[in-house]
Amino acid sequence: MTTSFIHPALILMIGAVILPFIKEPFRKLYLCSVPILTFLDVIYLSWHPGVHGVVTFMGDWTLTFGRVDSLSMVFGFIMALMAIIGTVYGLHVKDNLQHIAAWFYVSGSLGAIYCGDYLVLFLFWEMMAFASTFLVWFNKEDGALAAGYRYLLVHTFGGVVLLLGFVLRYQATGDLSFVQMDEQHTQLYTWLIMAGLMLNAAVPPLHSWLPDAYSKATVTGAVFMCAFTTKTAIYTLARAFAGFDILIVLGVVMAIYGIIYAMMENDIRKLLGWEIVSQVGYMVTGVGIGTALAINGACAHAFAHILYKGLLFMAAGSIIHATGKSKFTELGGLYKKMPSTLFFMVIGGVSVSAFPFFSGFVSKSMIISAGFEEHLLLAGFLLSLVSVGTFLVAGLRLPYLIFFGENRCSEETWAKAEDPPWNMHLAMAAAAFLCFFIGTYTPFLYNMLPYTDATYHPYGGYHLSETLQILAFTALAFVFLKDKLGAKATISLDLDWFYRMGGRGFLWLAQYPIQWVDTAWGTAYRVVGLYSLMTTARFWSWFDWHAIDGVVDGSARCIRAIGRRVTIVLQRGQIQQTIYISVTFAALILISYVWL
Amino acid sequence: MIVNLIDFLKERLQAVKVCCYIGIAVILVWSVVGVDTHHAHTWLEKHLPGFWSIFGILACVVLIYFARWFGKSGIMTREDYYDN
């Protein structure tokens, strides 16, 4: 089988490299066909499970690029599908670099999903981080550059922690394979690897990068980003850390934390970012519970989440694309101008809120049920509480503040507001259809899940009644309390305060104390060092002049004086006398030589 | 089409509200009378009629007021906070 293995990531990468050479009228066709080809490759791989693409590297390392099993199949499928939807959504974007960055980003995700060892994982992990940074940097908005740098720095830190973890593990066990960790015998490297993976899943306290960067990315970039980084991280956690109890606690904390911040948020995409944190919290909890039903639930929820969150980000992107505004305080009452965007946003909203017949209903409840079945009552009830918050935020607050209620648009915004171009419509329609399809025809998703023996039936009377009661009374409460969730022109401080202000503190430290020390040192050097140096130099100069030169010159003068005397006494200019003295002198030397 | 539908409903806001209240009442009555709670996970769910309705309302109140309190405790701040 190895010979016919073509890595799906490779198709996207080669496609991205060739893209600049493709000109209209073929460009749009080409843009669609590369992710479709990737998707077909993923389908082909799912018919051939096993380990492919094993390469020997530097003698004794084996790199595994293609581990195709039930867990990687479902994630590969949804990632490739989302690549098609995202590319169609961005079809109108003329800048090739944006498509190239997005495709490399998806390649990183697919590579990480199909990899079998930590070296390959790390390679694709870093590729994801770098490629996605460009999706932030391509946005020309104020603050995007800085947000991109923060995103890159945080992910580089996460990558280094992961690297440290698996290198320590290699040193201890000589093993690089990316498999389930042993919960009973945890080592430092276990926690380091877990922290590295958790940073990408935005688990608190390593989560602040997500709302920060996603709200600053390009309109199309954010649609890609909302799908790949966190869900790839969920895949890796499910692969290596299924059943680790600490993930249950962190997941529940994350779900609550995200929803509280989403309730306070004023920026649409930041709100959706916070809600990703919240929803990924369900998945982290599912991975932490670790039973067959819980892992299935985490996978199903990741699958459903990519589609409805993609849809919500696409609808939010349509609003930003048309109006250039992303804050509730600058929007409102837009249903008259953007009715189909409203429609798609509501579909996304009811899917995430787990309305019956929509995707969240069949996926989220698996995790909550798994929690109750394991008698984790507190976790089960807290996650149900977050479901209430999810409906409040994404199903009610978001559409209400954008499309209904008070019109806070400026005249210019109102004039610019219109439904997006056909390609954005098409992508949103596809995602909306899939949200509905998954929620209605459950075997489509359930047959893809890794554990075939864990069966789950969401359309029971009790589950329906539970969900409908929660939704109905949440809506009722919203009607009475909606003013408390109104639009306010604020930002919410989060843990990124520490590194943002920490960075500023460092700058302050560099500007003031360190600069002061430097200046003081310069002055001290000038005053003390230079003066003493000059004094010493002057002394040596004096010494040189008077002592050394005095001795040398003195001897020279002495010799000159003797010479002059000799000349005066002996060389009187009479040749006989000079010959006489010379011969006498020579004779004296000769006699001395002979006799002595 | 969507705009017309929304405008149509907005003009008859009172009727829409009544329909919603009836809908909520139907859900509640059905949940209390018609749903078998024997397979519920906890004692409360089995024995408290309309448990999830109460849960929903309480959860909303708790979340909304907690978020407000939390935001006002200094977490929500001016937009140019990070600008120099």
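**Entry 1: A:Phe357 and its loop**

I began with A:Phe357, which counts as partly exposed because 15 C-beta neighbours lie inside 10 Å. The model I am reading is a predicted one. I placed A:Phe357 in the loop between H13 and H14 of chain A. I noted that A:Phe357 has a positive phi of about 75° although it is not a glycine.

I then looked up A:Ala354, in the loop between H13 and helix H14 (359-373) of chain A. A:Ala354 is not a glycine either, and I read a positive phi of about 65° for it. Is A:Ala354 buried or exposed? I put it down as buried, because it has 26 C-beta neighbours inside 10 Å and the cut-off for buried is 20 or more.

**Entry 2: cis peptide bonds**

Most residues other than glycine have a negative phi, and most peptide bonds are trans. I therefore listed the exceptions in the backbone as well. The bond from A:Glu24 to A:Pro25 is cis, with omega near 10°. I found A:Pro25 in the loop between helix H1 (8-18) and helix H2 (27-46) of chain A. A:Pro204 and A:Pro205 are also joined by a cis peptide bond, with omega about 5°. A:Pro205 sits in the loop between helix H7 (188-200) and helix H8 (209-214) of chain A.

**Entry 3: where chain A touches chain B**

I counted 38 residues of chain A in contact with 39 residues of chain B. Which elements give two or more residues to the chain A side? I listed helix H10 (245-264), helix H13 (339-352), helix H15 (377-403), helix H19 (461-481) and strand E3 (490-492) of chain A. H19(A) supplies the largest share, 13 residues. By class, I have 24 nonpolar, nine polar and five charged residues on this side.

I followed E3(A) across to chain B, where it pairs in the antiparallel sense with strand E1 (residues 76-78) over three bridges. The bridge partner of A:Ser492 in E1(B) is B:Met76.

I also checked A:Leu378, which is in helix H15 of chain A. It counts as exposed because it has 12 C-beta neighbours inside 10 Å.

**Entry 4: domains and confidence**

I noted the domain assignment of chain A as domain 1 (1-241), domain 2 (243-494) and domain 3 (500-595). The C-alpha centres of domain 2 and domain 3 of chain A lie 87 Å apart.

For the model I wrote down ipTM 0.93 and pTM 0.86. Chain B averages a pLDDT of 90, and 99% of its residues score at least 70. Where in chain B is confidence lowest? I found it in helix H3 (residues 43-47), at a mean of 86, whereas helix H4 (residues 51-75) is highest, at 93.

Methods
Residues numbered from 1 in each chain as written. Chains lettered and ligands numbered in written order. Predicted model: local features only at pLDDT ≥ 70, side-chain atom pairs only at ≥ 80, totals over all residues. Contact = placed C-beta atoms within 7 Å. Helix = DSSP H or I, 4+ residues; strand = E, 2+ residues; numbered from the N terminus. Nonpolar A, V, L, I, M, F, W, Y, C, P; charged D, E, K, R; others polar. Pairing = 2+ DSSP bridges. Domains from an automatic or database assignment. pLDDT = per-residue confidence, 0-100.
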